[in-house]
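Here is a short briefing on a protein model. Look at the structure first, then read the points beside it.

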Protein chains: 2
Amino acid sequence: MHALDMALKNCGADAFVLYASSDDADMRYLSRFVVHDTFVFFKRLGQPGTIIISQMEGERASRESIATVMTRTQAGLPDIMKKEKNPWKALAQMIVGQAGKTLLVSQNLPAALLRALEEHARVLVDEGTVEQMRAIKTPQEIAWTKSVQKHTNDAMALAVSLIHKATIKKGMLYHAGAPLTSEYVRTAVQKQLMDCGCRAVETIVSCGKDTALPHAIGSGQLVAHEPIVIDMFPKDEATGYFADMTRTVAKGEPDAKIVEMYNVISEAKQLAISRIKPKVTGAEVHQAVVDFFSERGYESTTRGFVHNLGHGVGLQVHELPTLGAAGLFLRAGHVITVEPGLYYPGTGGVRLEDMGTVTGRGFSNFTHFPEELVV
Amino acid sequence: MHALDMALKNCGADAFVLYASSDDADMRYLSRFVVHDTFVFFKRLGQPGTIIISQMEGERASRESIATVMTRTQAGLPDIMKKEKNPWKALAQMIVGQAGKTLLVSQNLPAALLRALEEHARVLVDEGTVEQMRAIKTPQEIAWTKSVQKHTNDAMALAVSLIHKATIKKGMLYHAGAPLTSEYVRTAVQKQLMDCGCRAVETIVSCGKDTALPHAIGSGQLVAHEPIVIDMFPKDEATGYFADMTRTVAKGEPDAKIVEMYNVISEAKQLAISRIKPKVTGAEVHQAVVDFFSERGYESTTRGFVHNLGHGVGLQVHELPTLGAAGLFLRAGHVITVEPGLYYPGTGGVRLEDMGTVTGRGFSNFTHFPEELVV
């Protein structure tokens with residue numbers, strides 16, 4: 001049975017309702033239709049999903065969406081708007097007319113629409129049914145994420161080769177006579193990904209002390225003998241699915257503390273991967289890494305290992321499941337990252353990140369990029 | 001007085017609350033901090049805005065945000081979570097603790113958070129105060145959008161030159177011996193924009209019958225003597241501001257119907273621009289174009305002029321004000337598009353789009369790209 005039908009039955013609602021653009025992962029998942037203006041999705045118990053979109057998008061939606069397509073005019077909006085000038089209230093009347101008087105709405109339904117719906121219907125707020133559906137990938141979705149990770153692999157190869165081939169003058173990196181900057185590497189990588197139909201944004205190429213901030217994207221000329229963290233998370237434009245990968249490299253041997261951190265992180269990643277399988281929780285795997293770091297003398301507080309071990313990847317770069325303190329059971333079909341990192345202000349940071357899928361027996365890694373600190 | 005303070009005074013609320021990632025334009029506007037995970041912004045009456053973010057983002061936020069920065073730990077979340085396991089309820093307790101017991105929340109606050117806040121506070125839903133603030137641009141914001149439109153101009157020049165230089169074999173376009181496709185032009189344009197620090201996605205390069213669908217992005221080999229609609233709306237990564245421009249061209253004279261539509265649209269654009277000034281409504285300018293098309297024998301129904309005349313541009317590609325039936329008064333500092341289009345299934349579509357700002361006396365056009373149908 002469709003998970004949404006189960007959710008509807010459990011709470012006695014007539015229909016599930018979502019209102020978002022397809023920048024919202026749940027909307028893209030349920031409609032497989034890409035439009036950047038907000039629109040309505042609803043699904044009545046036992047019926048296929050329906051989207052209600054503007055006249056202008058009608059023909060394209062009929063071609064592209066997996067949902068049944070209805071225009072706002074067909075759903076009666078122009079008539080409603082003759083009497084009701086408040087757009088949220090008019091929208092709510094249209095939705096209730098089509099979907100029913102007891103509605104299960106998504107958690108992120110806009111507050112203004114919730115209030116307007118409450119004037120006409122009993123409204124229950126769903127607890128993440130679609131997010132949970134999305135966490136378990138079909139073979140098709142796994143193929144899509146694997147394909148993006150393959151392009152990411154090639155892009156990482158380009159980034160590392162730019163650093164590898166750089167020349168060093170007075171401790172700074174140069175490429176073809178010009179300073180080799182974070183921006184240059186980022187743009188080169190993002191262009192190559194664009195050629196593969198992938199959109200990468202805010203690709204992290206951070207160097208030196210910036211690496212101690214996990215999300216600093218980096219800027220300026222790259223420096224020899226310092227860690228360089230490269231973290232890319234492109235999205236395939238055609239499918240909407242993301243991949244995620246991180247490597248840390250240095251041009252020339254870095255400080256011994258960085259080398260030690262690198263080796264410990266590489267071990268932590270292997271340890272985590274060996275623990276991943278169905279019926280183990282994300283919290284347990286995360287804790288195993290926290291304990292391992294602790295044995296090796298690294299804390300997991302506001303320094304050291306400051307973030308979660310990993311996260312699901314799909315139509316969002318961060319989605320369920322969580323590999324962290326709040327992590328629940330892992331299940332076959334989860335696509336997840338494993339990304340231990342250590343961050344010490346003044347010293348720097350190191351992170352390695354693979355992505356793969358939980359299988360019936362363990363973890364199938366989609367990431368085959370070598371680990372090599374000094375390039 | 002700050003518009004949010006005015007809104008708070010008017011409804012007697014203690015604080016305004018927003019919960020979103022900075023992919024949300026209101027959040028980026030109020031915080032000027034870029035992070036893709038959701039976080040809290042609140043502003044108490046007469047106080048500066050505050051963001052509550054994860055420990056991990058604390059240092060970067062302190063460097064980059066215009067808001068006061070507080071970590072979730074400083075806001076007491078870990079202690080709350082010892083007793084309250086539901087993340088929405090815990091978040092709501094934290095917000096009420098910091099912001100107060102009468103809250104004005106944004107229209108798009110997630111429904112689940114609204115319900116959780118209602119357990120502890122009186123909650124009023126705002127009616128778009130921040131969206132309205134965003135519509136009137138500061139000189140700095142105008143400079144940012146103008147700068148993106150300049151890059152867009154250069155990208156349009158590249159697209160048109162690729163088509164201009166193409167050779168024709170059996171009615172199809174070729175570039176350097178290979179088929180010249182929508183995808184090739186799109187990628188070339190997007191890469192050039194990337195070199196300027198701009199992210200363009202889903203750039204429309206549609207040809208022939210696809211041009212009759214305003215939002216079809218186009219695919220496959222370009223065809224001679226057919227309209228080619230090029231619509232680009234890049235975002236400057238550093239500032240978050242968008243631009244928007246459309247031109248329609250043809251390699252070789254197209255059908256006389258297309259030529260006539262092109263000339264009428266060019267006139268419609270000039271007419272619209274001549275009507276734009278403060279104290280005129282977006283609805284009036286739109287209607288003037290509808291009337292003009294009608295005089296020339298073109299309808300504005302499900303065929304012909306099927307969309308609004310224009311829209312605001314800023315941190316969103318579509319924002320206030322509206323140049324359409326629902327359009328309110330235009331004001332100095334609005335940054336808007338003027339984009340008449342005509343669409344006839346079977347024949348094709350033509351659209352021209354400029355972007356500029358409403359000034360005290362009229363319209364200052366940021367778009368200087370020539371209009372030339374046959375290239």
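The points below go from the whole chain to single helices.

This is a predicted model: local features need pLDDT of at least 70, side-chain atom pairs count only at pLDDT 80 or more, and totals for chains, interfaces and linings use all residues. Residues are numbered from 1 along each chain as its sequence is written, while chains are lettered from A and ligands numbered from 1 in the order in which they are written.

**Chain A as a whole**

- Chain A has 11 helices and 21 strands. Helices (H or I, at least four residues) and strands (E, at least two) are DSSP runs, numbered from the N terminus.
- The C-alpha trace of chain A spans about 75 × 45 × 35 Å along its principal axes.
- Of the 375 residues in chain A, 51% are buried. A residue is buried if 20 or more other C-beta atoms lie within 10 Å of its own, exposed if 12 or fewer, and partly exposed in between, with C-beta atoms placed from the backbone.
- Take the contacts in chain A between residues at least 6 apart in sequence: 61% of them join residues at least 24 apart. Two residues are in contact if their C-beta atoms, placed from the backbone, lie within 7 Å.

**Two copies**

- In chain A, 31 residues are in contact with 32 residues of chain B.
- Helices H3 (58–64), H6 (111–118) and H9 (182–195) of chain A each supply at least two residues of the side that touches chain B. H9(A) gives the largest share, five residues.
- By class, that side of chain A has 14 nonpolar, nine polar and eight charged residues. Ala, Val, Leu, Ile, Met, Phe, Trp, Tyr, Cys and Pro count as nonpolar, Asp, Glu, Lys and Arg as charged, and the others, Gly among them, as polar.

**Helix H11 of chain A**

- H11(A) covers residues 282–295. Which of its residues are buried? They are Gly282(A), Val285(A), His286(A), Val289(A) and Phe293(A).
- Seen down the axis of H11(A), these fall within an arc of 100 degrees, so they line one face of the helix. The arc is that of the directions from the helix axis to the C-beta atoms.
- Asp291(A) and Glu295(A) are exposed on the other side of H11(A).
- The cover over the buried residues of H11(A) includes helix H10 (256–275) and strand E16 (319–323) of chain A.

**A hairpin in chain A**

- Strands E18 (341–344) and E19 (348–351) of chain A run antiparallel and are joined by four bridges. Two strands pair if DSSP finds at least two bridges between them.
- Tyr343(A) has Gly349(A) in E19(A) as its bridge partner.
- Three residues lie between the strands of this hairpin, where Gly346(A) takes a positive phi near 95 degrees.

**Helix H1 of chain B**

- In H1(B), residues 3–11, the buried residues are Leu4(B), Ala7(B) and Leu8(B). Seen down the axis of H1(B), they fall within an arc of 100 degrees, so they line one face of the helix.
- Met6(B), Lys9(B) and Asn10(B) are exposed on the other side of H1(B).
- Just after H1(B), Gly12(B) takes a positive phi of about 70 degrees.

Terms used
The expected span of a helix is 1.5 Å times one less than its number of residues.
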